[in-house]
Amino acid sequence: MKTKHFYSHLVETTHITLEIAELDVTSKERVHLLSLVEANIHTTVVSSVLDQLEPEEKKKFLSNLSKEDHSKTLSHLKEKISDIEEKLKKEIDQVTSDLLEDVKGAKA
């Protein structure tokens, strides 16, 4: 992942990157596919977090997120959601696994 997020330390996309590199597509298409992977992960994480926060906490989270204040965002989530990193890691692993299967299916 190129963009840093409050959850970047939980993401491992090397396996997807390697699979995409083996696809018979242009360089521009590879970059686009990688950006879709990142967007899917980001959407999954944000959705998961929002599902676990109370309305006022959602506002604070979104404010921190929009300011790209990664440490403040993560600190806030750790205060409000127990085991947030473990929960997010599980969500991220699931979405990356699903995306990896999709990429492998495209090679067939």
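Glu56 and Lys59 sit 3 residues apart in helix H3, about one turn of the helix (helices are DSSP runs of H or I, at least four residues, numbered from the N terminus). Their side chains meet in a salt bridge, 3.3 Å from N to O; the term asks for a side-chain nitrogen of Lys or Arg within 4 Å of a carboxyl oxygen of Asp or Glu. Glu56 is exposed at 55% relative accessibility, and Lys59 is exposed with a relative accessible area of 55% (buried is under 20%, exposed over 50%, partly exposed in between, with a 1.4 Å probe and protein chains only).

This is a predicted model, where local features need pLDDT of at least 70 and side-chain atom pairs count only at pLDDT 80 or more, while totals for chains, interfaces and linings use all residues. Residues are numbered from 1 along each chain as its sequence is written, and side-chain values use heavy atoms, leaving out hydrogens and water.

By the salt-bridge rule, the count is 4. One of them joins Glu57 and Lys80 at 3.8 Å, N to O. That pair links distant parts of the chain, with Glu57 in helix H3 and Lys80 in helix H4, 23 residues apart. Glu57 is buried at 19% relative accessibility, whereas Lys80 is partly exposed at 42%.

Methods
Helices (H or I, at least four residues) and strands (E, at least two) are DSSP runs, numbered from the N terminus.
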